[in-house]
Amino acid sequence: MREPTLIRVDFRLLHGMVATKWVRSLNIVNIYIIDDSVYADEFLRQVFDLAKPVGTKLEFFTVEQAAAKWMDGGFEEDPKEPSLVLIKNVDSAKRLYDAGMKFSKLLIGNSEPDRKKKQKHFNNVYYFDDNDARTINSMADAGVEITLQEQEGTKSTTWVR
């Protein structure tokens, strides 16, 4: 089973940079938003559907549905139809991984700042608290290659414990 072309954590999910830079540079055809709250919100799904680039297909899944689809052979790409998986945060990525979607690479884009948490920030793009770091480390320990990259074409950094 082939993995999607790119699995990206970005709290904004599908936004301008993803829609223009990542989708175009990787020739993405299929976009999968995996987020329980977005799946439950018809209005948000309509907003994201309007934001999707012309020529792409967009599907929404809960974490459980996505893991089940993966286990059932889903997300297997036709070489002519590369795909992009968008996940809101590292906790959801870990839940997805633990539920059976054993991806080998994870790209972390922008993470959501939360003033209520004791977060460390890097470049005003990545905000992680100790729990986020433990979650990322556990995926890295399981063999997932974790990379931080704000947008396509900018410098990427490999996650180091």
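Predicted model: local features only at pLDDT ≥ 70, side-chain atom pairs only at ≥ 80, totals over all residues.
Helices (H or I, at least four residues) and strands (E, at least two) are DSSP runs, numbered here from the N terminus.

View 1. Residues are numbered from 1 along each chain as its sequence is written, and side-chain values use heavy atoms, with hydrogens and water left out. Of the 161 residues in the chain, 46% are buried (buried means under 20% relative accessible area, exposed over 50%, and partly exposed in between, with a 1.4 Å probe and protein chains only). Among the contacts in the chain with a separation of 6 or more, 68% join residues 24 or more positions apart, where contact means heavy atoms within 4.5 Å.

**View 2. Helix 4 against helix 5.** Two packed helices are described by the angle between their axes and the distance between the axes. The axes of helix 4 (residues 63–71) and helix 5 (residues 90–98) come within 9 Å and cross at roughly 40 degrees, which makes helix 4 oblique to helix 5. Axes are lines fitted to C-alpha atoms, for helices over the stretch in contact, and angles run from 0 to 180 degrees between N-to-C directions; those under 35 degrees count as roughly parallel, over 145 as roughly antiparallel, 65 to 115 as roughly perpendicular and the rest as oblique. The crossing of helix 4 and helix 5 is right-handed (left-handed if the near helix is turned anticlockwise from the far one by less than a right angle, right-handed if clockwise). Helix 4 contributes V63, A66 and A67 to the contact, and helix 5 contributes S92, R95 and L96. By class, the residues of this contact are four nonpolar, one polar and one charged, with Ala, Val, Leu, Ile, Met, Phe, Trp, Tyr, Cys and Pro counted as nonpolar, Asp, Glu, Lys and Arg as charged, and the others, Gly among them, as polar.

**View 3. S92 in helix 5.** With a relative accessible area of 9%, S92 is buried. Leaving aside residues up to four places away in sequence, S92 touches V63 and I87.

**View 4. Helix 5 against helix 6.** Helix 5 and helix 6 pack at an angle of about 35 degrees, and their axes are 9 Å apart. The crossing of helix 5 and helix 6 is left-handed. From helix 5, V90, D91, A93 and K94 meet N131, D132, T135, I136, S138 and M139 of helix 6. The contact of helix 5 with helix 6 holds four nonpolar, three polar and three charged residues.

**View 5. The nonpolar cores.** A nonpolar core is a set of buried Ala, Val, Leu, Ile, Met, Phe, Trp, Tyr and Cys residues joined through side-chain atoms within 4.5 Å. The largest nonpolar core has 27 residues, and those with the most contacts inside it are I34, I87, L96, F103, L106, I108 and I146. I87 touches I7, R8, V9, D10, L13, I34, S92, A93 and L96, residues up to four places away in sequence not being counted. A second, separate core has 17 residues, including V23, I31, F48 and L58.

**View 6. L13 and N27, two residues in loops.** L13 lies in the loop between strand 1 (6–9) and helix 1 (16–26), whereas N27 is placed in the loop between helix 1 and strand 2 (30–34). Phi of L13 is near 60 degrees, a positive value in a residue other than glycine, and N27, which is not a glycine either, has a positive phi of about 55 degrees. L13 counts as buried, at 1% relative accessibility, but N27 counts as exposed, at 54%.

**View 7. A140 in helix 6 (residues 130–141).** At 26% relative accessibility, A140 counts as partly exposed. When residues up to four places away in sequence are not counted, A140 touches I146 and W159. The C-alpha atoms of A140 and L106, which are 34 residues apart along the chain, are separated by 9.4 Å.

**View 8. S37 in helix 2 (residues 36–39), and V160 in the segment after strand 9 (157–158).** S37 counts as partly exposed, at 42% relative accessibility, and V160 counts as exposed, at 67%. S37 and K88 are 51 residues apart along the chain, and their C-alpha atoms are separated by 9.9 Å. The C-alpha atoms of V160 and I136, 24 residues apart along the chain, are separated by 9.8 Å.
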